[in-house]
Amino acid sequence: NNTYIGKKAKIVNRWKKSGVKDYGYTFDELYEYYLEINNCEVCNKDLTGKKQKCMDHCHQDGCFRWVLCKSCNTMDSWMKKI
């Protein structure tokens with residue numbers, strides 16, 4: 001479904017399957033924040049119009065951390081950059 005609600009449901013379900021939890025935030029709030037971010041929160045790479053935007057989260061507790069580009073999200077390489 002290509003409606004706003006359909007896209008949102010697809011993305012939120014993908015987050016849930018990958019282990020993101022809504023600690024301290026609702027998934028509605030996380031989704032709105034995700035949409036607002038246009039640059040990687042670590043390296044500042046432009047994320048507009050690209051399928052490179054990743055919802056980074058702790059794999060132990062599922063807590064959301066950052067909206068990152070794929071390269072910063074891969075293997076938590078962002079930890080070396082900050």
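**Notes on the aromatic pairs, the hairpin and the cysteines**

1. There are zero disulfides in this structure, a disulfide being a pair of cysteine sulfur atoms within 2.5 Å. For cysteine 58, the closest cysteine sulfur belongs to cysteine 63, and at 7.3 Å that is too far for a bond. Cysteine 72 has its closest cysteine sulfur in cysteine 69, at 3.7 Å, which is also too far for a bond. Cysteine 72 is buried at 0% relative accessible area, and cysteine 58 is buried at 17%. Here buried means under 20% relative accessible area, exposed means over 50%, and partly exposed is in between (1.4 Å probe, protein chains only).

2. A word on the basis. This is a predicted model, where local features need pLDDT of at least 70 and side-chain atom pairs count only at pLDDT 80 or more, while totals for chains, interfaces and linings use all residues. Residues are numbered from 1 along each chain as its sequence is written, and side-chain values use heavy atoms, with hydrogens and water left out.

3. Now the rings: the structure holds six aromatic pairs. One of them joins tyrosine 4 and tyrosine 31, with ring centres 5.9 Å apart and planes at 75 degrees, so the pair is edge-to-face. To pair, rings of Phe, Tyr and Trp (its six-membered ring) need centres within 6.5 Å; planes under 30 degrees apart are stacked, over 60 edge-to-face, and the rest tilted. Tyrosine 4 sits in helix 1 (residues 4-18) and tyrosine 31 in helix 2 (residues 27-36), so this pair ties together parts 27 residues apart in sequence. Helices (H or I, at least four residues) and strands (E, at least two) are DSSP runs, numbered from the N terminus. Tyrosine 31 is buried at 4%, whereas tyrosine 4 is partly exposed at 42%.

4. Another edge-to-face pair is made by tyrosine 33 and phenylalanine 64, at 5.9 Å centre to centre and 75 degrees between the planes. Tyrosine 33 is in helix 2 and phenylalanine 64 in strand 2 (residues 64-68), so parts 31 residues apart in sequence are tied together. Phenylalanine 64 is buried at 12%, and tyrosine 33 is partly exposed at 30%.

5. Tyr4 and Tyr31 turn up again in one aromatic cluster with Trp15 and Tyr34. Tyrosine 34 also has the charged end of lysine 53 over its ring, 4.9 Å from the centre. For that label, NZ of Lys or CZ of Arg must be within 6 Å of the ring centre and within 35 degrees of the ring normal.

6. On to the hairpin. Strand 1 and strand 2 pair in the antiparallel sense over four bridges; pairing takes at least two DSSP bridges between the strands. Aspartate 56 stands opposite tryptophan 66 in strand 2. Six residues lie between the strands of this hairpin, and glycine 62 there takes a positive phi near 80 degrees. From strand 1, Cys54 and Asp56 point one way and Met55 and His57 the other, and all are buried.

7. Histidine 57 is in strand 1 (residues 54-57). Beyond four places in sequence, histidine 57 touches Ser18, Gly19, Val20, Gly62, Cys63, Phe64 and Arg65, contact meaning heavy atoms within 4.5 Å.

8. Finally, lysine 21 is in the loop between helix 1 and helix 2 and is partly exposed at 39%. Leaving aside neighbours within four places in sequence, lysine 21 has contacts including Phe27, Asp61 and Phe64. Lysine 21 and aspartate 61 are 7.7 Å apart, C-alpha to C-alpha, and 40 residues apart in sequence.
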